[in-house]
Amino acid sequence: MSSAPPAARPIEFRNATLGATIAVLRETEPARLADALHTMLGGMPDFFNGEAAVLDFSAVATPPSRIDWAGLTSLLRRYRLQPVGVRNLPPELAATARQAGLALLDEAELRERQGGSPPPPQAAPAPQPASPEPPPSYPVGTLFIDKPLRSGQQVYARGGDLVLLGGVSNGSEVIADGSIHCYGPLRGRALAGAQGDPTARILSTNFGPELVSIAGVYRTFEQGISAGVAGRGALVRLTEIGNEQKLRIEALQLD
């Protein structure tokens with residue numbers, strides 16, 4: 001379990017709309033990152049499932065003179081992440097990143113990947129049609145999943161809560177920017193508050209996951225789950241003890 005405050009973590013993972021995981025680095029030394037990943041992910045070498053990863057260097061306080069790209073990419077592949085590119089990298093390190101096979105992705109390139117290539121330049125400004133009336137905005141709703149999730153399946157409720165009516169099998173993964181409500185067996189990995197919301201919750205009527213996370217604070221259960229909540233109703237929430245954030249798991253009274 002990771003108990004350090006978010007600002008102190010050498011590495012954080014965030015979802016992105018371009019189909020890749022964003023790895024926000026505060027350290028670049030592979031040895032230090034290895035210790036942090038082991039603590040955060042419980043030493044699970046197959047935590048990820050082969051997702052592409054973009055390395056974001058915007059949070060590195062003091063840019064290094066060099067980066068051990070081979071060690072860094074090898075470390076991430078150990079957790080089944082596939083580094084494909086970098087962003088916010090100091091220009092003097094760009095050449096070595098390219099040599100390591102990593103693409104340089106700045107904010108403009110990321111927007112192009114999400115919204116398509118920009119139109120070619122025109123010799124003269126063309127008359128612009130009147131802008132259409134913007135569509136009405138609605139609050140992001142809750143995502144309902146009626147069927148059980150099988151091993152290897154993943155569901156992400158972007159911008160809202162996730163409600164699972166059929167349960168979650170071992171080897172599957174459920175992610176929500178809000179809270180997760182599971183009204184069947186919760187056996188896979190459950191990550192709530194994926195964009196950093198510390199008020200998110202995980203609720204299950206039959207608690208037995210491999211891993212739970214709220215706002216990036218993880219807890220794994222290699223040593224088993226407490227008898228007070230195993231197979232029973234449980235609530236997972238994030239609490240602060242001094243300057244530390246920890247996950248608290250409480251039994252739910254469902255009768």
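A: Both faces of strand S2 are covered: Thr-21, Ala-23 and Leu-25 are buried on one side, and Ile-22 and Val-24 are buried on the other. Buried here means under 20% relative accessible area, while exposed means over 50% and partly exposed is anything in between, using a 1.4 Å probe and protein chains only. Since 5 of the 5 residues of S2 (residues 21-25) are buried, the strand is largely enclosed by the rest of the structure. Strands are DSSP runs of E with at least two residues, helices are runs of H or I with at least four, and both are numbered from the N terminus.

Keep in mind that this is a predicted model, so local features need pLDDT of at least 70 and side-chain atom pairs count only at pLDDT 80 or more, whereas totals for chains, interfaces and linings use all residues. Residues are numbered from 1 along each chain as its sequence is written, and side-chain values use heavy atoms, with hydrogens and water left out.

Now for the neighbour of S2. It's strand S3 (residues 51-56): the two run parallel and are joined by 4 bridges. Two strands pair if DSSP finds at least two bridges between them. Look across from Val-24 and you'll find Asp-56 in S3 standing opposite.

Asn-88 sits in the loop between strand S4 (81-87) and helix H3 (94-99), and it counts as partly exposed at 39% relative accessibility. The C-alpha atoms of Asn-88 and Leu-55 are 8.7 Å from each other, though these residues are 33 apart along the chain.

Next comes Phe-57, in the loop between S3 and helix H2 (69-78), which pairs with Trp-69 in helix H2, 12 residues apart. Their ring centres are 5.8 Å apart and the planes are at 75°, so the pair is edge-to-face. For such pairs, rings of Phe, Tyr and Trp (its six-membered ring) must have centres within 6.5 Å; planes under 30 degrees apart are stacked, over 60 edge-to-face, and the rest tilted. Phe-57 is buried at 6% relative accessibility, and Trp-69 is buried too, with a relative accessible area of 6%. By this rule the count comes to 2 aromatic pairs. Phe-207 and Phe-221 also form an edge-to-face pair, with 5.9 Å centre to centre and 90° between the planes, and both of these residues are buried.

Glu-27 counts as partly exposed, at 25% relative accessibility. A search of the whole structure finds 6 salt bridges, and one of them joins Glu-250 and Arg-237 at 2.9 Å, N to O.

Terms used
A salt bridge is a side-chain nitrogen of Lys or Arg within 4 Å of a carboxyl oxygen of Asp or Glu.
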